[in-house]
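Morning, everyone. I have one structure to go through today, and I will keep to what can be computed from its atoms.

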Amino acid sequence: GINVEMGLDYCCGEDEFYMEMLQTFSSQGAEKKAEIVSLYEAENWTDYAIKVHALKSTSLTIGAERLSNQAKALEQAGKNGDVEYIRQNHPSLLRSYEEVCESIAGL
């Protein structure tokens, strides 16, 4: 689920910098995921939208396009108060996030 070419583009073609970005993304994954889950469980949609916005951006930076697109849609749903969309798509976001982190850990 990672477009390496895109990630390298965001990192100015610097392989070493890209690897650092991947490692940082993966190492912070559990903590960031827990924050998103906590906000979801608290039904704090404003802060939920902010956290998934951050995930959208960092995902795109490493080339995780699908995850970024999912986060973008959930960010918009949070901003629009579309709780039903969030409830339906939150589990899929978490699965994608885990998959990306696992694929990075395998590098």
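Predicted model: local features only at pLDDT ≥ 70, side-chain atom pairs only at ≥ 80, totals over all residues.

Start with the core. In soluble globular proteins, nonpolar side chains tend to be buried together. Here the largest nonpolar core has 25 residues. The ones with the most contacts inside that core are F25, Y48, L55, I62, L67 and L93. Which elements give two or more residues to it? They are α2, residues 15-27, α3, residues 29-41, α4, residues 45-62, α5, residues 65-80, and α6, residues 83-105. The largest share comes from α6, with 7 residues.

Take L93 as an example from that list of core residues. If we leave aside neighbours within four places in sequence, L93 is in contact with Y48, V52, L55, L67, Q70, A71 and L74.

Which helices supply at least two lining residues each? Those are α2, α3 and α4, and α4 gives the largest share of the lining, 5 residues. By type, the lining divides into 7 nonpolar, 4 polar and 3 charged residues.

Now the backbone. Two residues to look at are C12 and E43. C12 has a phi near 55°, which is positive in a residue other than glycine. C12 sits in the loop between α1, residues 4-10, and α2. Phi of E43 is also near 55°, again positive and again not in a glycine. E43 is in the loop between α3 and α4. Are these two buried or exposed? C12 is exposed, at a relative accessible area of 68%, while E43 is partly exposed, at 44%.

Last, the cysteines. How many disulfides are there? The count comes to 0. For C12, the nearest cysteine sulfur is that of C11, 7.3 Å away; a disulfide needs the sulfur atoms within 2.5 Å, so C12 is in none. C101 is in no disulfide either, and the nearest cysteine sulfur, again that of C11, is 16 Å away. C101 is buried, with a relative accessible area of 14%, whereas C12, as I said, is exposed.

That is what I have. I can go back to any part of it.

Conventions
Residues numbered from 1 in each chain as written. Heavy atoms only, no water. Core = buried A, V, L, I, M, F, W, Y, C linked by side-chain atoms within 4.5 Å. Buried < 20%, exposed > 50% of the residue type's maximum accessible area, 1.4 Å probe, protein only. Helix = DSSP H or I, 4+ residues; strand = E, 2+ residues; numbered from the N terminus. Contact = heavy atoms within 4.5 Å. Nonpolar A, V, L, I, M, F, W, Y, C, P; charged D, E, K, R; others polar.
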